[in-house]
Every structure is written in C-alpha cells, then in structure tokens.
Amino acid sequence: MMIDHALSIKCSVTIVIVFAVTSTYSNYTDIDLPSDHIKYYFNYFPTVAQECRNNTVCPYKDSLDTKACWGYEPNCKAENSFSVPQCPGDHRGWVTTKKAQVETFYAQGDFGYVRDQRKEMSIFCEPLFVDDSSLECSEHMRFCRARNIMINFTDLIRRKEPIRYKMDVLKEGQIGGYCTLNEKRLEENADHISPLQSWGPELRNFRKLSRPPIVNHDCDIVIEKPTFVMKIDAINMYHHFCDFFNLYASLHVNLSHPAGFSTDNHIMIWESYSYRSAFQDAFEAFTRNPLWDLKTFRGETVCFKNLVFPLLPRMIFGLYYNTPLIYGCENSGLFKAFGEHVLHRLRIPLHERKNQRIRVTLLSRDTQYRRILNEDELVRALKENPLYKVKKVVYNKKVSFKKQLEITRNSDIFIGIHGAGLTHLMFLPDWAAVFEIYNCEDPGCYKDLARLRGVKYFTWENNSKLVQQDPGTHPDGGAHAKFTNYSFDVEEFLRIVSQATDYVKNHDSFKNFVAKKIQHKGTEMKNQTNVMSDVKESATSKSKEVTELKSDTRSKDEL
C-alpha cells in the first residue's frame, strides 16, 4: 500500500496512485510567504501568476506584474533582485576591483551561492521513462535530489549503538534506483567524505536496481510527499541554525515547483536519537508534519517519490560556519530572507511603537563562564537615560523560543558577551545594532554573522577598561578567554551604546518605521476625535453609532 501517514503498515501489495501535476497552483494558503517575498514567488512562477490574475479570489494581485527576482535566476538583473550587497570597505587585496568584491561576497554568502549550486547540478543517474528513478547533485554532492529511489533500512534493526555522525549507515547497494548510473561521476564527486560536509558517505553506495522499485512493489513503504533528509549539527543555537539556514537555502536550490515552499512535506533526521532541542519550534517554518529519524523506518525497505538531500552545516566553504567571507562587504539578501521567512512562519509579531525610545536588550547568561559580573550596574546606568527602554533577559528553557524571537525582533540594540545566543542577531530588524560586549578573542564569528545579516556590529575595543576574573582554563588545559567571566567599565559601556544609538536613530528604516507608526497613531486619534464629535452632534440612533465605531475599529485592525 502506498502510504504517507500510517507508516507502521507493511503490505505485500503496493497500490500505485499517480497524481496528475497540473500547470496551475490554486492553493494560495500554502504559499505562506512574507508579504515582501510574494512578488518574487509569482515572477518565478508565471503560470501561477497568470492563474492569480484570472482568479477573482486571489489575494495577491498587488504582487503581480513585476520584474522582481531572487537573484539566482538566469535573467535576473541586479536592479530587480531581492537585494544587492553593499561593499563600503576595503577588500584588503582579495580582488582587484570593487565589482569583483561585490560578486565575490554575493557568491560566498548571498543568493549567488544558491545560483552556483544550481549551475553545478548534474545528472548522476538518468531516467528514461516517467516511472524510472533519478539522482542529480551539485559538485562534491553538497546538495542532491532524487526521485523514485529505494533505501534499505533493514540492517538498522541489528545495530545496537546510537547513530549520529556515522558514515556507515548504508552499505553498498542499500540505496539505489532504476536509472542509468554514471559511476565515474559518482566516484569523482564522493571526495568530501566527512559526516557533515557532503552526502558522499551515503550516496557513494548508490547502485542501479534491476527494475523500477515502486511499480514492482519492492518497497514495504512508499512515501508520496517530498522528504528532506537532514544531518544536523545541533550543538547550540549558532550551530543548529546552520542547519536551519542551509535548509532554507536548499529550498531555493531545489525550487522548481509552485509547492516548493509548502510545509506539507517530511523531514527525516539522519540519526537514531530522538530529536529534542530548545529550538525545535524553528522546524515549524519548514514542515507541518512530525519529524522522522532513523528509528522510524528501522527494519524496512522504503521508497521515496521525491527525496532531497539539503546543503549541510559544515561544508568546505559552506554557509555559514565555514564561510570564507571577503572583507568590506555586508547585507546578504539570503540571510535577510531567511530571517524574515522564519519570523513569518512562526508568526512572531513586530510591535508598534508609541514613541521613539530605543529598545535595548541585554542578554544575560546563566552559565558558568562568560558572565558579565557587573551587568546589573550596566543595566541601571542604561535605565537612567530616558531615551532607552531597557530589558535584561536570560534565554534559557524557561523562555520559549518563540518568545525569545519576539523579544529579539523588537530590539533596536542587542547586547551580549560572546556566545551562541548572539545568533539571535539574525532576527533583528534591519536598522538594529548588535553589541558583542566582548568577543573573548574570537573576533570574526559574530562580526561576520552581523555583516551577513546586514546589522551594525559593535564590540569592546579598550581592554584596559575591562576586568577578567581569572586567566580562564580550557577543558583541554591552558588559559582561554572563553572560560572565565568579566566586568566592564560603565562609562566606556555607555559610550559604545551611544554610538549604537546614533546608528539606529539615523537609519532610514528606523525613521520610516517610527514615523509611520506615530503618523498612524495621530490619524487614529484624529479619527476618534471626529467620531466623538459626530456622536455629540448627530441624531443617529445608538445602534448606528455602535456600528460606526465597530467599523472604525475594524479598519484599524486591518492596518
């Protein structure tokens, strides 16, 4: 039986159901993208745009008839792309021209990386007929996708040890399909053999089958919906969001169908541990279905109609853990789009502003090391300035991840000492500044991440104005700046926060956001005054007054 929900049923007869793929896509709910992303979606799928144009109930008519493009399409011009990197700084000898500097950054950490992965795609196993299998990958098998393939998980039932970061999950021939296999190409691209660098450890075992596995009922289970297989690096937020970021980038590499951003898919984590994480809510941005792992299909032979092997978190020259980022550039559209996608899918609200006060969030740590010993003194000093609205937070298991994101999204200045919590900078508004109060002798990590996201980065510069509690002892021995705690000079701290404040206040996006909200509030107050005047002077009935007031409130909500 072909099944997708009830996976525990094993049958000897498979009923194949073929769904006709039409040229239209009328499920507008499944699009579910940030409002600013809709025009790029419709321009990418002109057939869907035409359907929307002809459909009276399509809610996206304002997003049609544009030239907007993500940036990886062959005919995408820079002026129409999602964003253009900014390179105000010196490239320090990497390249010879400013144009080359911009293109290098675009290829290293922006939609240019997606573009290059798509260009690299080649067929490893070629189908002849519609029921045949297929396998295609980018170079080094960083990203792959397959159709109608079979994976044999029967050996897993005999493995007693937990499986994580293992390169021997599959043996030769335990993954394969009915297609013409280019063995030389497969062998040549199985050159990055490391658990989180490529899919080489798994796909080097791909072999040609003697017949189409699905139509010949060779599978215990057939999975209809697209399935993404993930090898995750879920150590902390910084590393785990390499997983989520690469999954999002892979949606673009894979984008070929209007349902490409749909959450009606499956995600299988390539390990036998049951997934638990403080950040597991982030998966809601990518799937509406329960997560699978290697225990799900232990002892079974499974066929997948559509299988995606996404980009991985520790690829050589990958995103973003091993990104060799050129100097002088910032503002990756891919990173901005990722943040907006997650915030939208998790329904994280951006609060209205009642005034122009700067919202300062200080991230406190409840860990043994890298604590700010005088943080309460620093917070009191900030609160003495009426320009600031100050919040001290601890992002631990007592605060849900969605609540953390809500606090972060509504921060103008985000302050914290070096640590994975600073990964939250990916979800700050465009005008925000991040103040890594001390980088603990790791200067590039969050500075580069801030550059990629396009938020302003500040850090401590005068080490004579900080006090290190002790030399710090690395677990493997020796002094280490990350394994101790610190106190900071109050005046120097306030000086740097003041610099960040000036940046935020003068950012066009901040000025426009605050002005729009204040103007909106002024319009509301004016409307309320007019309504009250009408109530006093008009002889209309009470019921009509209530109706008018309800109507006015509804318009406010719609705004």
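This passage walks through the predicted model of one protein chain, from its overall make-up to a few local features.

The structure is a predicted model, in which local features need a pLDDT of at least 70 and side-chain atom pairs count only at pLDDT 80 or more, while totals for chains, interfaces and linings use all residues. Residues are numbered from 1 along each chain as its sequence is written, and side-chain values use heavy atoms, with hydrogens and water left out. The average pLDDT (the predictor's confidence in each residue, from 0 to 100) is 89 for the protein chain, and 88% of the residues score at least 70. For residues 5-23 the pLDDT is below 50, and this stretch has 31 contacts (heavy atoms within 4.5 Å) beyond near neighbours in sequence. Residues 523-559 also have a pLDDT below 50, with 6 contacts beyond near neighbours in sequence.

The protein chain holds 14 helices and 18 strands; these are DSSP runs numbered from the N terminus, with helices being H or I of at least four residues and strands being E of at least two. Of its 559 residues, 52% count as buried, where buried means under 20% relative accessible area, exposed over 50% and partly exposed in between, for a 1.4 Å probe and protein chains only. Among contacts between residues at least 6 apart in sequence, 71% join residues at least 24 apart.

Turning to helix packing, helix 7 (residues 237-254) meets helix 8 (residues 333-345) at an angle of about 100°, with the axes 10 Å apart. Axes here are lines fitted to C-alpha atoms, for helices over the stretch in contact, and angles run from 0 to 180 degrees between N-to-C directions. Helix 7 is therefore roughly perpendicular to helix 8, given that 65 to 115 degrees counts as roughly perpendicular, under 35 as roughly parallel, over 145 as roughly antiparallel and the rest as oblique. Helix 7 contributes Phe241, Phe244, Phe245, Tyr248 and Ala249 to the contact, and helix 8 contributes Leu334, Phe335, Ala337, Phe338 and His341. Both helices also feature around helix 4 (residues 111-120), whose buried residues include Phe111, Tyr113 and Val114; the cover over the buried residues of helix 4 includes helix 3 (98-109), helix 7 and helix 8.

Lys231 sits in the loop between strand 8 (227-230) and helix 7. With a relative accessible area of 7%, Lys231 is buried. Its side chain makes a polar contact with the side chain of Glu202 at 2.9 Å; such a contact is a pair of N or O atoms within 3.5 Å, where within protein one must be able to donate a hydrogen and the other to accept it, and residues adjacent in sequence count only if both atoms are side-chain atoms. A polar atom of the Lys231 side chain also lies 2.8 Å from the backbone oxygen of Ser198. Not counting residues up to four places away in sequence, Lys231 touches residues including Asp243, Trp270 and Leu312.

Some backbone details deserve a look too. Most residues other than glycine have a negative phi, and most peptide bonds are trans. Leu319 and Tyr320 are joined by a cis peptide bond, with omega about -15°, and Tyr320 lies in the loop between strand 11 (301-309) and helix 8. Met141, not a glycine, has a positive phi of about 55°; it is found in the loop between strand 2 (134-137) and strand 3 (144-152) and is buried at 0% relative accessible area. Asn148 likewise has a positive phi of about 55°, lies in strand 3 and counts as buried at 7% relative accessibility.
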